[in-house]
Amino acid sequence: MIELIFPKKYSALCLKSAFFGFFAHTGFVRGLQEIGFKPSIVTGSSSGAMIGALYATGKDMVEFESVVLGLKKKDFWEGNSLTLLGRLLKKGWNQSSGVLTGQATRKILYPYLGNKKFSELPMKLGIAVSNLSKNKRELITEGNVLDAVMASIAFPFLYEVQEFQGQEFLDGGIGDGEPIKELILDPSIDRIVIHQINNNRPVSKNMMKRALDASVQIIETETEDLKTLLAKEKGKKLIRLETNTPYLSPNDFSKGKFALAEGRGTAYKHKSEILGDMELPIFGFFN
């Protein structure tokens, strides 16, 4: 009866895109499990999509933590310079779109995601992708989870363009590194915890590369501001939390354990804010 008068509201979690941010995201989500935060839905983009999908399986993140910390470049790099050159020559310059096919990465994730469908997960999941066939950003919420994850983590020029269901996809972070639009528009959700990562990526010495990075950051900041305005209009609370980590690259994951620890620490540091407004609503609204 009380829910007819005061409709139940839910919390959501968003894991933002970040260059090799799966260490910090893993630590953060483990911290969320330990402090007792249970969102009704998780969305993610790029590395956030990968960890979000693993989290949505309902398993303890400690299990995935050992997998992440054990990663080596050889586990996902798919050969050496000669084999990469051979693949390029075989496909031809016009058909080549990245260094890695993604098959080795898929093999790492398969034991945990397998052929799971979104509908089979115990937690609702949304994965942001950049659909090249439709020239638009999408939030995938149905179909094969692993296919969606592979599409979302396909960082340009590192991974080949991913193809499934007759369409082509690239990294979700291109179109939307913070997939919360659908969460803001969902009337059943009243608060959204967002985890972002500052990975202290070095500033490039190349002028064009610096210009590109700055342009991406400007667009991201502008869209973030617009989402904040939309959330305010819809009466939604956004809790943006940032984890600072050491710089990580494909050639050096040695500081991954520190990034993971920092992510876990972020959850504990902001425990009261994350768990916050759990009281019954007054006059139909949460405080």
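This is a predicted model: local features need pLDDT of at least 70, side-chain atom pairs count only at pLDDT 80 or more; totals for chains, interfaces and linings use all residues.
Helices and strands here are DSSP runs numbered from the N terminus (helices are H or I with at least four residues, strands E with at least two).

Residues are numbered from 1 along each chain as its sequence is written, and side-chain values use heavy atoms, leaving out hydrogens and water.

Next I looked up who pairs with strand S4 (residues 124-131). Two strands pair if DSSP finds at least two bridges between them.
- Strand S2 (residues 41-45) runs parallel to S4, joined by 5 bridges, and glycine 44 has isoleucine 127 as its bridge partner.
- Strand S5 (residues 136-140) is antiparallel to S4 over 5 bridges; serine 130 is partnered by arginine 137 there.
- Strand S8 (residues 167-170) is antiparallel too, with 2 bridges to S4, and leucine 170 stands opposite serine 130.

Is S4 mostly covered or uncovered? I found 7 of its 8 residues buried (buried means under 20% relative accessible area, exposed over 50%, partly exposed in between, with a 1.4 Å probe and protein chains only).

Last, I checked glutamate 178, which sits in the loop between helix H9 (172-175) and helix H10 (181-185). Glutamate 178 counts as buried because its relative accessibility is 4%. Leaving out residues up to four places away in sequence, glutamate 178 touches Cys14, Lys16, Ile194, Glu224, Lys227 and Arg240 (contact means heavy atoms within 4.5 Å).
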